[in-house]
Amino acid sequence: GNLLAAATLSEDFSQQLRGLASAPANLAAEFLSQAEVYLRQRPGMGPTEFLDVATRIAKNNDRHAEALALIEQYASQATVPALARSVSVFADAASIDASTLQQLQAVVDEALRQHDRPLEILDAQAKVLVAAERFNEAEQIYREMMTRDEANYVVKNNLAELLGLQGQHLD
């Protein structure tokens with residue numbers, strides 16, 4: 001989607017893309033870096049697209065401060081699904097320190113206030129809490145979600161998995 005659209009920005013980039021088929025595997029990181037640069041320069045970039053960039057940064061790199069800065073900058077303007085996706089992917093990224101998780105939690109708290117606690121943001125909040133090893137709080141969030149959407153098997157599964165990690169069972 002966005003990466004292919006970014007490729008239209010430059011004939012040079014298009015030539016690099018065609019040359020990748022015969023390039024060694026170690027050039028993949030360089031390609032992703034170039035794709036990110038072109039994506040950021042794409043005309044019409046809005047909050048949702050910048051959150052997509054933050055998601056890619058958090059998922060594919062250890063540039064957590066940069067990803068967090070983008071999320072903080074665009075969170076209040078982005079759609080609920082885009083923000084929830086970015087926060088969830090970020091929370092699942094490896095090696096996030098406690099301070100960064102605390103800042104991410106502040107973004108989520110504000111989004112919950114701003115959007116009247118939508119399920120997508122609640123799910124992202126639970127993932128941040130799990131990443132911060134705040135399991136009791138994550139359990140409370142999953143239980144809140146279950147009361148609002150009793151048929152949601154994904155929430156039930158996530159709660160069961162969380163309880164299982166703690167040696168408990170779903171009631």
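This is a predicted model: local features need pLDDT of at least 70, side-chain atom pairs count only at pLDDT 80 or more; totals for chains, interfaces and linings use all residues.
## Basis of the model

Local features require pLDDT of at least 70 and side-chain atom pairs pLDDT 80 or more, whereas totals for chains, interfaces and linings use all residues. Numbering starts from 1 along each chain as its sequence is written, and side-chain values use heavy atoms, without hydrogens or water.

## Packing of α5 and α7

Helices here are DSSP runs (H or I, at least four residues), numbered from the N terminus. Helix α5 (residues 64-74) and helix α7 (residues 98-115) have axes that come within 10 Å and cross at roughly 15°; axes are lines fitted to C-alpha atoms over the stretch in contact, with angles from 0 to 180 degrees between N-to-C directions. The two helices are therefore roughly parallel (angles under 35 degrees).

L68, I71 and E72 of α5 meet T100, Q103, L104 and V107 of α7, where contact means heavy atoms within 4.5 Å.

Apart from neighbours within four places in sequence, L83 contacts L51, I71, A75, V107, A111 and I121.

## A buried glutamate

E139 belongs to helix α9 (residues 135-148). Its relative accessibility is 14%, so E139 counts as buried (under 20% relative accessible area, with a 1.4 Å probe and protein chains only). Beyond neighbours within four places in sequence, E139 is in contact with L159, L162, L163, Q166 and Q168.

Methods: Angles under 35 degrees count as roughly parallel, over 145 as roughly antiparallel, 65 to 115 as roughly perpendicular and the rest as oblique. Buried means under 20% relative accessible area, exposed over 50%, partly exposed in between (1.4 Å probe, protein chains only).
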